[in-house]
Amino acid sequence: MGDLTVTYQNISNNDSLYVLKRISADWIDKFGDSFTRIKMAYDEFGFDYPEECHTNYRDSWFHYRKLYTKKDKITVYKEQYAMEEHLLRAFKDGQINFLQQLCQCLEVWYLCDDIMCYDKNKEMIYQTMLKVTDGNWVEKVWKASKKNEQIFSAACVYYYQTFIESLDLKNQLQRFIHGIKNIILDLRGSGVNIYRPDDNIRYLNECIDMQNEICNSLQKVNMQYLISPSRLIYQHCRKHN
Amino acid sequence: MLKVYERGEYIMDYLQIANVFSEEDKKFNREMVQRASNFDNRDKFLEKRGGKMRMYKTIGEDLYAEKDYDFTSEILNDYRKKWGI
């Protein structure tokens, strides 16, 4: 289906139903491509892809199967509309979910001083675990902690607050967080108003651009490895007020 | 004539993700996220939005289990009856 180059030289002008079905098939094919891209973004950080997106995509196939077998235009239009809604939902929810997870991870470090703490009596232990800080130092700390989540988390917070945190970084994190939230608002708002971009590439482009910018920026302070463990670290080191 | 779709000009190709993490890094990232999901206090990070979408929920064998999918529930029932899934 997706391997054919489609033109209409050989199709009768009366065969508009075929055109509608062709367009629907292309939408599904396009979604497959966009799913591949957004899934790559999820896999970079090990984030969970929401199952609802899979079910929406599956449901779109259900409508496509219906419209493919119908011969009256009204039904085909109805099924096409329903199919498009499922695809749009799957597409947008996939992006929103990704951005939300990324945003929450960044917020952990942005609010680090207010929401997390570690046992300062064990600083000597953390220091011994952090002798090698090039490459994926977080994974090295994990191994040095012998997969003890508590010690690992505290060591990461210690290292972040002692060697990485700065006012510049905090401002940068704030900028990223705001940027992500704006994209999310935009994505959600586009379902309420009548504006529909020609395709959803624009939003996918913004997601991937945002991810690339964040990673490239955090690389300079070797902080990119702290993103995925953020939630685990917070769970072990959060302040109990 | 209207051209609907030509794969050669498809613009997806320029959407590249920066190669920041190695394959080993990605495995580590995945392990960290899964450990967080297994933690008892994961509810602190869950955010309920308007729909039924849940964060941090993966595809599992219960995908087709008895769940309320709102308006899609009837479709799923038909689907199950017809395809035996």
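This is a short tour of a predicted model, stop by stop.

Residues are numbered from 1 along each chain as its sequence is written, and chains are lettered from A in the order in which they are written. The model is predicted, so local features need pLDDT of at least 70 and side-chain atom pairs count only at pLDDT 80 or more, while totals for chains, interfaces and linings use all residues; side-chain values use heavy atoms, with hydrogens and water left out.

**Confidence**

The model scores ipTM 0.85 and pTM 0.75. Chain B averages 60, and 25% of its residues score at least 70. Select residues 1-11 of chain B: the pLDDT there is below 50, and the stretch has 26 contacts beyond near neighbours in sequence (contact means heavy atoms within 4.5 Å). Residues 44-53 of chain B are also below 50, with 24 such contacts. Where pLDDT is low, the predicted coordinates should not be read in detail.

**H6 and H7 of chain A**

Select helix H6 (residues 137-144) and helix H7 (residues 149-164) of chain A. Helices are DSSP runs of H or I with at least four residues, numbered from the N terminus. The two axes come within 9 Å and cross at roughly 140°; axes are lines fitted to C-alpha atoms over the stretch in contact, and angles run from 0 to 180 degrees between N-to-C directions. That makes H6(A) oblique to H7(A) (angles under 35 degrees count as roughly parallel, over 145 as roughly antiparallel, 65 to 115 as roughly perpendicular and the rest as oblique).

Show side chains next. From H6(A), Trp137(A), Val138(A), Val141(A) and Trp142(A) meet residues of H7(A) including Phe152(A), Cys156(A) and Tyr159(A). The contact residues divide into nine nonpolar, no polar and one charged (Ala, Val, Leu, Ile, Met, Phe, Trp, Tyr, Cys and Pro count as nonpolar, Asp, Glu, Lys and Arg as charged, and the others, Gly among them, as polar).

In the loop between H6 and H7 of chain A, pick Lys147(A). Its phi is near 60°, a positive value in a residue other than glycine. Lys147(A) is partly exposed, with a relative accessible area of 49% (buried means under 20%, exposed over 50%, partly exposed in between, with a 1.4 Å probe and protein chains only).

**H10 of chain A**

Move to helix H10 (residues 230-237) of chain A, where eight of the eight residues are buried, so the helix is largely enclosed by the rest of the structure. The cover includes H3, H4 and H7 of chain A together with helix H1 (23-38) of chain B.

**Lys78(A)**

Finish in helix H3 of chain A, at Lys78(A). Lys78(A) is exposed, at 59% relative accessible area.

Key: Helices (H or I, at least four residues) and strands (E, at least two) are DSSP runs, numbered from the N terminus. pLDDT is the predictor's confidence in each residue, from 0 to 100.
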